[in-house]
Amino acid sequence: MKQSFPHGGNIRALAASAGRDARDVLDASASINPLGPPPWLRQVASAAVADLVHYPDPDCAALLEAASKRYGAPPSHFTAGNGTSQLLFALPRATGLARAVIPTPSYADYPTACHKAGMDLRRIAAVEFDDFAVRLDHVDAALRTPSLVIFGSPGNPTGRVVPAAAVAALAARHPQSLFVVDEAFADFVPGFASLAGADRPHNVAVLLSLTKAFAVPGLRLGLLAASPDLAGWVRANLPPWSVNALAQAVGVRGLEDTAFLERTRAALPPLREALATGLTRLGFTVIPDAAANFLLARLPAGAASSTEVCRRVLEAHGVALRDCANFHALSDRYVRVAVRPEAETARILHALAAELDPPVAPAYLPRRKTPALMVQATCSNAGKSVLCAGLCRALARAGLRVAPFKSQNMSLNSGVTPDGLEMGRAQIVQAKACGLAPDARMNPVLLKPTSDKGSQVIVMGQPVGVMRVGEYIAYKPQAFAAAKAAYDSLASACDAVILEGAGSPAEVNLQAHDMVNMAMADHADARVLLAADIDRGGAYAALWGTMECLPESHRARVAGYVLNRFRGDASLLVPANAYLRAATGRDVLAVIPFLCALGLPDEDSVSFKDGDVLADRPAPDPNRLDIAVIDLPRASNLTDIDALAAEPDVLARRVRNAGELGRPDAVILPGSKNTLADLHWLKETGLAQAIAALARGKTTEVVGICAGLQMLGERVADPLGLESGREREEGLALLPLSTELCAHKTLTSTKAVHAPTNEALIGYEIHHGRTSTAPGLAVAVTREDGAAIGFSRADLPVWGAYLHGLFDADAFRRRFLNDLRARRGLPPVALPTPYDLDPALDRLADVIEAHLPLAALRGLLGV
């Protein structure tokens, strides 16, 4: 591949050559930190923008002071330049020497800089037999006259380190020569002994790059460490203001951040080893002892030239490698490959395997990740769950084996899988959208809040304990390990996975221990759609602000934006979309309209609590049934009400105090994740007394579901403190039963029968309760194994059951409602309204496909 630019990393030219967008090119031709820039980069650069109205400090005083602290030499020993290239080209003119000695293969600009200064050049070629090691004894023999000697440590393209002690000894033997050591890649080498410190020999100068290790080559910033005279001469002969204000600010912060460099040095060896192993298995000969973030490799025998191989992998796969044909002492049999993250290394190796002569596809190549797309958002309740369900249904209708996944869900709306494991309700709906049975791997970690500061933690469908925030943060590494294992197992059986994030990835206080947003996207190697609820307002600021809070590696995962719940003419958004594109480099990929009465269960109780699900007052229509749903502070599984609320002759409304209760046809006491505390709240608000009075008046039917059933009894005890610090709470005393919360949690999918009507029921049980009954209690619901899981009394219209999904069965629900109608003197409704999520899921998928076409969706996934 012929280039007029003799280096790697010309991403625009590479993209043009491949006929691709630059963002689609994997650039392994430039050797940049595989971890990407440090997380503080954008923050520091943004803060420095205010300084752009002034000229930068021409002396770079803060930068040189930071270099002094980092390396231990006085500030006068350092000079800053617009990249080490500017300093390299200035050095030969500063030496007064007429001759240069350069060991090769080496960086192409070493001889170029010497030629431009009019120097005679002697190259000392290393050989593959010695693994291209720099032979200082050969350099020693060549220094018959004072010379400028330039080499890299680690060297480019070999990655080999030249011992600092050996350089110092050579410099001592030739005091009239100047030895320039390019340590551009030294920050990648654990335990590297730099020559930039105070004990540097007077005739040794060191080039220090501040852009490779911090992955900001476009910023252009380098340092020269040398004797004060030489450093001063170079400084005086550089153009004024060579280092801009942004580069100086980033450089100061980078020189202080030794922790980031330590993380880099720890992460690099396994990544380098994986690349070396893969290349070797493809038949390459990898030059050993490389310590930098790249490898030099000889092509297999019989393969095309390096220029041809590089051309093929770029054009066919969008992978750019460094063709080493223009390195002195090498040939067109060598390529240099940058060390990249695991997924990118796999892409590099698969591209090479396909383009070698003959192509090879050995089973030992890294397995490609299952294509994955993740929906994240600028805030909670922006519609992520619904968007994921729609994407799942669209892809499933197209014939793909697709599965949903959310690594950690905080929700009180949960359900039970066919094998008796608990998971979030949203992922159960998404599984249905895919045509799959619910699987705990789809939601491996579920948090069910029991108070403002604590939650029950459920891992792979089973409770592991109740934890406060600090306890859970300490437990999170175990939780994340379980989530990653669950994802890998699930994804291995799929063509694609649609992942859902939680809250916002821009919560900077959570990023360090994130396991549900970008950290999970990294593990799945997923592209990210960033959604905003435009109906709330502030969507554009939220999208821009979210991007500003993300580190560069995570910004790179964002494929584009989705504006959700839009009411109006989308053409009015064109100027704002263009502004967002200019500000962030990402497009609005879809504008999803506001969907009224979609008919899908909510992920959690947020919409219910906000008043977006149920009405707050009775209907004026006397022919509609009035069903009051008690809004408990810790209400759970409020989706139990959805089927009732969908009936045309029903107005289901939420009630928060006794004054709102009125005289409804029925009162529903829902489930709770803190039964005793919610029972206490019922009594404090006067609702307990008001509900009891309605029941005894026999005009209102009172129904308790799960914890609601327990509250209708005489008492509830929690001796183990499973839900709260309360040990015992008196109930509403409407049913002669009592409940004790025990350690074992019942989790089961259940088929049952409503005993008084013999109507079939189906749902699930999730509870810690063990309920004891007393005389006078009738069985209301019987499980298929004969066990009683619901109770009533003959003299009052009061009953309850442990069965979630109690009203989902169409025939029973209509019979229940017609009984209420009869009590009011209303005629029965003959046909039930089917409660079926499939029409809603298909409607949702239709809308999404209309605004994010299936071809574009496939393109985002790469399938």
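A contact is a pair of residues with heavy atoms within 4.5 Å of each other. In the protein chain, residues 24 or more positions apart account for 73% of the contacts with a separation of 6 or more. The structure is a predicted model, in which local features need pLDDT of at least 70 and side-chain atom pairs count only at pLDDT 80 or more, while totals for chains, interfaces and linings use all residues. Residues are numbered from 1 along each chain as its sequence is written, and side-chain values use heavy atoms, with hydrogens and water left out.

The C-alpha trace of the protein chain spans about 115 × 55 × 50 Å along its principal axes. Its secondary structure comes to 28 helices and 38 strands; these are DSSP runs numbered from the N terminus, with helices (H or I) of at least four residues and strands (E) of at least two. Of the 863 residues in the protein chain, 57% are buried. Buried means under 20% relative accessible area, exposed means over 50%, and partly exposed lies in between (1.4 Å probe, protein chains only).

An open sheet of 7 strands has the order S2-S8-S7-S6-S5-S3-S4, with mixed pairing. Two strands are paired if DSSP finds at least two bridges between them. The edge strands, S2 (78–81) and S4 (120–125), each pair on one side only. From one strand to the next, the twist averages 20°. Within the sheet, strand S6 (residues 178–182) and strand S7 (residues 204–209) pair in the parallel sense over 4 bridges, and Val 181 stands opposite Val 206 in S7.

Helices pack on this sheet. Helix H5 (residues 109–116) touches strand S3 (99–104), S4, strand S5 (148–152) and S6, and its direction makes about 155° with that of S5. H3 lies across S2, S7 and strand S8 (222–225) and runs at about 125° to S2. For these angles, axes are lines fitted to C-alpha atoms, for helices over the stretch in contact, and angles run from 0 to 180 degrees between N-to-C directions.

Helix H4 (residues 84–95) has 12 residues and reaches 17 Å from its first C-alpha to its last, close to the 16 Å expected at 1.5 Å a residue; the expected span is 1.5 Å times one less than the number of residues. Among the buried residues of H4 are Leu 87, Leu 88 and Leu 91. Gly 96, which follows H4, has a positive phi near 75°.

The structure holds 15 aromatic pairs. Rings of Phe, Tyr and Trp (its six-membered ring) pair if their centres lie within 6.5 Å; planes under 30 degrees apart count as stacked, over 60 as edge-to-face and the rest as tilted. Tyr 55 and Trp 241 form a stacked pair, at 4.6 Å centre to centre with 25° between the planes. This pair links distant parts of the chain, 186 residues apart: Tyr 55 is in the loop between helices H2 (41–48) and H3 (61–71), and Trp 241 in the loop between helices H8 (228–237) and H9 (245–256). Tyr 55 is exposed, at a relative accessible area of 66%, and Trp 241 is partly exposed, at 43%.

The ring centres of Trp 799 and Phe 812 are 6.3 Å apart and the planes are at 90°, so this pair is edge-to-face. Both Trp 799 and Phe 812 are buried. Ring pairs link Trp 799, Phe 807, Phe 812 and Phe 816 into a cluster.
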